[in-house]
Amino acid sequence: MAADYDIIIIGTGAGGSTLAHRLAPSGKRILILERGDFLPREKENWSALEVYQKERYHTDELWFDSKNQSFRPATTYCVGGNTKVYGAALLRLRDRDFAEVVHQDGISPAWVLNYTDFEPYYQQAEALFDVHGEAGTDPTEPPRSAPYPFPAISHEPRMQQLANGLTQVGLHPFHLPLGLKLNEVDKTLGNCLRCNTCDGFPCLTQGKADGEVNCIQPIRHQSNITLLTQAKVTRLLTNPAGTEVERVEVEIRGELQTLTAGIVVVACGAINSAALLLRSANDRHPHGLANRSGQVGRNLMKHICTALVQLNITPNHDVYQKTIAISDFYWGEPEFPYPMGLIQNTGNVLADMLPAEAPKLLAPLLKLRPEAELKVFADRAVGWWLQTEDLPNPENRVLVEGGKLILAYQPNNLAAADRLVKRWIEVLKQVDQAEHTIPFSIYPRNFIPLQAVGHQCGTCRFGDDPTTSVLDRDCRTHDIDNLYVVDGSFFPSSAAVNPTLTIVANALRVGDRLLSS
């Protein structure tokens with residue numbers, strides 16, 4: 001009996017939406033399954049109170065930590081997945097990130113492919129996701145075969161002042177590569193408004209390049225494309241020999257159905273993709289599908305991230321602030337010859353964000369502050385986001401036990417992360433020296449907790465050896481012929497740049513392999 005579809009893609013985040021877009025012109029019958037619905041376009045998209053304090057667009061489901069304590073993950077189920085609420089920072093991994101890298105706390109392993117294998121797909125990914133940037137200004141940027149598709153987003157006055165100050169103290173600030181639908185020459189030609197609710201917010205004007213707007217919407221009308229929302233895949237069912245996925249079990253608006261396809265692609269995000277494979281265990285695969293190596297769910301990485309708020313007495317009138325990045329400490333410094341990480345602006349620090357984003361000891365005090373007083377803080381703030389590579393650890397893993405999704409995760413490489421934070425505070429004191437002679441200038445910092453899973457990767461690493469990896473070079477599982485995983489799961493290491501562009505580039509690469517097979 002013929003299969004219902006040629007290809008089923010499970011998930012519409014950065015990987016799934018990109019793969020669907022790549023395959024759509026082929027004419028293949030493609031079914032796209034999304035457990036959520038379209039994220040509503042509503043005024044609340046731009047409400048810091050709704051987005052940050054009330055977590056309006058995060059799932060209500062509960063996950064558990066290794067101590068069986070429940071938490072609500074900061075993850076979004078909708079068409080476009082977490083790209084609907086990401087900050088749209090789209091950077092390439094450095095070319096050295098693909099090789100073995102020695103850190104103070106261990107080894108970041110080499111990938112089976114190198115930067116040159118990904119470079120043409122990075123170029124295509126930047127075009128697909130409207131990336132604005134300036135080549136030649138990032139001191140650690142890898143070689144490029146062509147310029148960015150769009151010019152860098154300009155700095156507003158306060159950010160330009162900071163960039164100038166950073167240059168004066170010997171650093172090399174560069175324009176953060178961003179996926180925005182912005183035309184600064186003629187604003188009528190772009191959807192982006194340069195508003196103050198971008199980083200972490202859904203975009204009401206569809207001015208942010210995301211999986212829905214850039215990949216799913218352009219192909220929805222095609223006769224060979226079927227998109228089902230509110231369709232949660234519960235298990236993958238193999239043939240009796242366990243060599244192929246024969247049926248996909250999916251709950252569609254409360255009704256359980258099974259669907260078939262010649263090829264099945266899992267793109268649920270590194271955590272949920274691993275969980276789906278584990279939940280699909282059967283007699284032939286007693287420890288989960290494609291888990292002969294025992295590596296499914298292991299080596300979970302999500303970066304060591306710190307949010308830092310720079311407070312000054314001078315008001316900050318900039319509206320769109322997320323335009324600066326600093327990579328001078330990416331590979332370390334003379335006194336610390338190990339990688340430290342990447343620094344970039346956050347979006348605007350708004351009054352209603354402060355109680356949600358502040359450190360635990362400070363948050364209760366901020367909640368007691370009247371709104372006008374919080375606004376005084378916010379109007380004088382600049383947000384910074386610092387991220388350090390966390391190293392793959394097989395004990396950092398996704399587990400499924402008794403229906404519970406469990407994240408057993410302990411941060412590592414903390415000395416490098418802590419050094420980056422302290423070093424950056426020293427830099428800011430140099431840059432704004434006059435400001436820091438008064439007590440008002442403080443640096444509240446927030447170590448990002450377990451439930452923040454935006455940079456998740458590594459749970460189904462790819463490699464040539466089936467005993468130590470889950471996927472082959474083309475992201476097909478070693479154990480099951482027609483099963484692929486196309487999201488951040490395939491990463492052998494996390495590097496220290498945002499993972500989204502690499503997920504997109506890899507989905508384009510895998511799409512080409514599927515089209516040629």
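Helix α3 passes helix α11 in a right-handed crossing, meaning that the near helix is turned clockwise from the far one by less than a right angle. Both belong to a predicted model, where local features need pLDDT of at least 70, side-chain atom pairs count only at pLDDT 80 or more, and totals for chains, interfaces and linings use all residues. Numbering starts from 1 along each chain as its sequence is written, and side-chain values use heavy atoms, without hydrogens and water.

Two packed helices are described by the angle between their axes and the distance between the axes. Here α3 spans residues 115-128 and α11 spans residues 500-516. They pack at about 110 degrees, with axes 8 Å apart. That makes α3 roughly perpendicular to α11 (65 to 115 degrees).

Which residues of α3 meet α11? Phe118, Tyr121, Tyr122, Gln124, Ala125, Glu126 and Leu128 do. Their partners in α11 include Leu501, Val504, Leu508 and Arg513. Contact means heavy atoms within 4.5 Å. The residues of this contact divide into 9 nonpolar, 3 polar and 4 charged.

Now turn to helix α6, residues 270-279. It is mostly covered, with 9 of its 10 residues buried (under 20% relative accessible area, 1.4 Å probe, protein chains only). Among them are Ile271, Asn272 and Leu276.

Finally, the whole chain. It has 11 helices and 22 strands. Buried residues make up 60% of its 517 residues. Its C-alpha atoms fill a box of roughly 75 × 50 × 50 Å along the principal axes. Among contacts between residues at least 6 apart in sequence, 73% join residues at least 24 apart.

Notes. Axes fitted to C-alpha atoms, helices over the stretch in contact; angles between N-to-C directions. Helix = DSSP H or I, 4+ residues; strand = E, 2+ residues; numbered from the N terminus. Parallel < 35°, antiparallel > 145°, perpendicular 65-115°, else oblique. Nonpolar A, V, L, I, M, F, W, Y, C, P; charged D, E, K, R; others polar. Buried < 20%, exposed > 50% of the residue type's maximum accessible area, 1.4 Å probe, protein only.
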